[in-house]
Amino acid sequence: MIDRNLYPADHPYHWQVIGSLEDLQNATLDDVKEFFRRWYVPNNVVLVVAGDFDTEHARTLVEKYFGEIPTGQAIERAAKQPAELKESKRRYHEDNFAREPALTLAWPTVERYHPDSYALSVLTEYLSNGKRAPLYRVLVEDQQLTADVNMGGYESELAGQTQLEVQAFEGRDLDEVYAGIGKAFALFEKEGIAEEDLQRIKAGQEVAFYNSLSSVLGKGFQLAQYEVYADNPGYVTEDIQRLLAVTAEDVQRVYEKYIKGKPYVAASFVPKGQKELALADSTVAEVMEEKIVNGAEEQFDASAQAQYEKTESRFDRSKEPAYGDPAETAVPTVWRDKFDNGLAVYGIESSEVPTVNFSIVVDGGQLHEQLDKTGVANLTAMLMERGTAKRTPEELETEIQKLGASINVSTGQDSFRFDVTTLARNFNEVFALLQEMLLEPRWDAKELELAKKNVTSQIKRAAAEPNAIASKTFARLLHGKDSIRGHSGLGTEQSVAAITMDDLKAYYKNYLSPSVARVHVVGDIKQVDFHSALAVLVKRWPAKPVTIPDPKSVSAEPGIYFVDVPGAKQSVLRIGRPAMSALSQDYYPAVFSNYILGGGGFASRLTQQLREGKGYTYGIGSSVSGDKTEGRFAIGTGVRANVTAESVQLIRDILQDYAPTYTEQDLATSRSYLTRSNARAFETAGAKLGLLESMSKYRWPADYVREREAIARAMTVKDVQDIADRYMQPDSMIWVVVGDRASQFRRLEQLGLGRLTLLEDEKRVEDAALSAVD
């Protein structure tokens with residue numbers, strides 16, 4: 001909607017890359033062939049080879065496979081086409097899935113790597129991100145109209161735009177939000193940007209820049225992008241120099257040039273029946289929505305081969321080149337440490353980029369919560385990010401950002417964690433701030449109220465979002481009403497409203513102990529230096545005994561459970577069952593066995609049949625996951641509404657046929673991928689941290705990947721069939737369908753696949769979750 005109003009009708013950004021429903025329905029095979037012949041030619045291609053290879057050998061291969069392809073028509077680079085608005089445009093749409101109103105403002109700005117793009121990125125971050133941001137101060141803290149504000153640039157080859165997005169709280173008028181935006185802009189015009197703020201923002205951008213180059217994929221991507229957008233694959237040096245050269249005057253200048261008083265496109269999305277919340281003087285937006293028409297599915301033969309004339313070649317291109325020998329998995333060298341209080345430390349030294357990443361993981365997380373106070377762990381994590389006894393929330397945030405660092409506190413189902421990224425040169429200062437956050441929380445009453453409003457807003461939005469509904473329902477049915485595993489970590493509106501500061505303090509006091517904590521570090525730092533910093537923390541962080549709860553799941557009976565979202569144009573499917581823990585001998589064989597079913601992307605049967613063969617979905621996958629005591633097998637996808645029943649039937653057939661039809665070729669494909677892909681398994685800092693966390697959590701050796709390679713090489717067709725028979729049979733599963741009841745429920749009934757239950761409200765979900773017990 002924004003692009004249609006921002007760019008003129010003849011501009012290539014006026015329409016979306018994916019097209020419209022009308023475009024897709026009218027497209028022909030000749031259209032595709034014509035487009036391919038025009039643009040998929042050597043003189044319009046950038047090829048990047050990045051990694052550990054012999055340059056001359058690579059050049060020979062490139063020449064062999066690409067050198068004989070004929071040059072296409074001459075292609076001239078399109079001229080830059082910045083959007084120009086003569087006046088502002090205000091549009092609104094009543095959104096069937098919205099529970100809160102949202103306002104987006106979009107201004108025409110500049111294309112990628114334009115000299116002004118660097119100052120614009122600093123401007124948008126300063127205006128919206130963090131406690132010192134004018135938009136946050138006005139809209140979040142002062143007027144409490146929203147929980148968050150997002151502002152950033154969308155820059156492409158020919159043009160760019162800057163967007164400001166505000167998801168207001170339920171029932172708030174977007175005219176109030178717009179007035180608040182004006183007040184925040186006036187604040188910026190009066191204060192400008194302080195040098196301290198300029199430096200902290202640039203420090204964070206510098207870290208992000210280094211992280212983007214930390215993998216071979218990242219390096220290759222940037223080389224190609226620089227060539228395409230900047231006509232210079234070596235633009236990396238100029239890119240970072242321009243970023244670091246931005247001045248306060250530059251930031252003020254681009255604000256006045258592109259934002260202040262300039263025409264914009266305003267998009268108001270409001271809940272159905274609440275158009276009065278839209279920005280004043282808005283007109284109805286043109287939004288095309290697909291009509292659900294059952295029985296209109298076009299029949300086609302997915303096995304039919306397109307007819308085309310092959311280009312002559314000096315060699316047989318139908319013959320796939322032989323694979324080389326698998327590279328031996330390079331397991332990083334891991335150092336270990338342990339303190340007297342039991343705190344275990346795992347580290348990997350890596351100096352390719354000047355950063356340090358580390359995590360402190362405290363076992364427990366949501367498992368420590370009571371069913372009537374769900375959400376306590378999450379709110380505790382949020383409050384521990386918001387100030388310390390010595391620093392206000394704003395002061396803490398500013399100190400962290402000045403150092404080019406991030407310190408994130410979060411909680412999951414079985415852990416409470418601190419994740420830190422910093423420039424290596426600032427490690428000691430950043431670690432001191434982390435220690436302060438961990439040992440001296442501020443417990444700010446105002447911040448608790450803001451956090452509770454933020455979480456409540458997330459819960460309200462999730463209540464109308466089909467994917468969130470499906471995940472919540474599936475978890476409740478899989479684990480049961482009486483297991484905390486079946487409840488959202490956010491909590492409920494009622495539980496969040498009842499949580500007090502004393503609840504957070506009690507969680508902190510009772511459960512955050514080094515006796516159940518693990519520490520992991522990767523980056524440009526020596527073991528001795530990290531040990532020295534951690535030793536200071538350990539002295540001040542006393543250990544206490546903590547027992548980690550292990551609530552047992554009691555899943556609902558297998559069958560189909562339907563949740564109604566009236567008017568949904570897609571149906572969301574979540575299918576699965578309880579399975580083995582990550583410590584089970586069956587765990588990795590099950591991961592292996594799942595590869596061809598739904599874990600192998602385009603190689604998987606689910607993708608080949610539902611996406612490639614039928615066009616029912618854009619994506620589908622299955623997974624095997626587990627922790628120390630439980631696990632699950634699950635399938636997830638979203639399908640077109642009018643093929644809901646057909647998709648359920650087809651997935652069922654695929655599961656039923658999987659074991660009997662699994663072949664030696666399937667085995668070889670799985671083995672090849674799951675062993676060869678390990679060559680890049682520990683390339684990035686994040687991947688190395690994942691290795692360390694798996695080692696500390698499950699007590700696995702550093703080379704556990706090689707043990708898995710041995711399992712993969714030893715697997716047989718019979719092994720896979722046995723796993724599939726035990727864990728992947730359709731009659732053993734819970735099938736959750738979230739979609740339009742009026743058009744789809746009866747069609748599912750007609751399939752005759754067994755028990756079909758309509759879950760009309762939360763009570764019915766809980767009843768179904770208790771059925772196995774009853």
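Is Glu449 buried, partly exposed or exposed, and at what relative accessibility? Glu449 counts as partly exposed, at 43% relative accessibility, where buried means under 20% relative accessible area, exposed means over 50%, and partly exposed lies in between (1.4 Å probe, protein chains only). The views below come from a predicted model, in which local features need pLDDT of at least 70 and side-chain atom pairs count only at pLDDT 80 or more, while totals for chains, interfaces and linings use all residues. Residues are numbered from 1 along each chain as its sequence is written, and side-chain values use heavy atoms, with hydrogens and water left out.

**View 1. Glu449 in helix α15.** Glu449 is placed in helix α15, residues 445-462; helices here are DSSP runs (H or I, at least four residues), as strands are (E, at least two), and they are numbered from the N terminus. Between the C-alpha atoms of Glu449 and Thr500, which are 51 residues apart along the chain, the separation is 9.7 Å.

**View 2. The crossing of helices α5 and α11.** The axes of α5 (residues 115-128) and α11 (residues 248-259) come within 9 Å and cross at roughly 95°, the axes being lines fitted to C-alpha atoms, for helices over the stretch in contact, with angles from 0 to 180 degrees between N-to-C directions. The two helices, α5 and α11, are therefore roughly perpendicular to each other, a label given to angles of 65 to 115 degrees, whereas those under 35 count as roughly parallel, those over 145 as roughly antiparallel and the rest as oblique. From α5, the residues Asp116, Ala119, Leu120, Val122 and Leu123 meet Asp250, Val251, Arg253, Val254, Tyr255, Lys257, Tyr258 and Ile259 of α11, contact meaning heavy atoms within 4.5 Å. By class, this contact of α5 with α11 has nine nonpolar, no polar and four charged residues, with Ala, Val, Leu, Ile, Met, Phe, Trp, Tyr, Cys and Pro counted as nonpolar, Asp, Glu, Lys and Arg as charged, and the others, Gly among them, as polar.

**View 3. The bend in helix α20.** Helix α20 (residues 587-599) spans only 14 Å between its end C-alpha atoms, whereas a straight helix of 13 residues would span 18 Å at 1.5 Å a residue, the expected span being 1.5 Å times one less than the number of residues. At Ser593, α20 bends by about 35°, which is the angle between axes fitted to the seven residues ending there and the seven starting there. Eleven of the 13 residues of α20 are buried, and the helix is mostly covered; Ser593 is among the buried residues, as are Tyr587, Phe592 and Tyr595. After α20 comes Gly601, with a positive phi near 60°.

View 4. Thr388 lies in the loop between α12 (376-384) and α13 (393-402) and is buried, with a relative accessible area of 0%. Apart from neighbours within four places in sequence, Thr388 is in contact with Leu396, Glu436, Met437, Glu440, Pro441 and Arg442. Leu433, in helix α14 (residues 427-439), counts as buried at 5% relative accessibility. Not counting residues up to four places away in sequence, Leu433 touches Arg391, Leu396, Glu399, Ile400, Leu403 and Ile407, and its C-alpha atom is separated by 7.9 Å from that of Leu396, 37 residues apart along the chain.

View 5. Although not a glycine, Asp231 has a positive phi of about 55°; Asp231 is in the loop between α9 (216-230) and α10 (236-244) and counts as exposed at 54% relative accessibility. Trp443, also not a glycine, has a positive phi of about 55° and is placed in the loop between α14 and α15, where Trp443 counts as buried at 16% relative accessibility.
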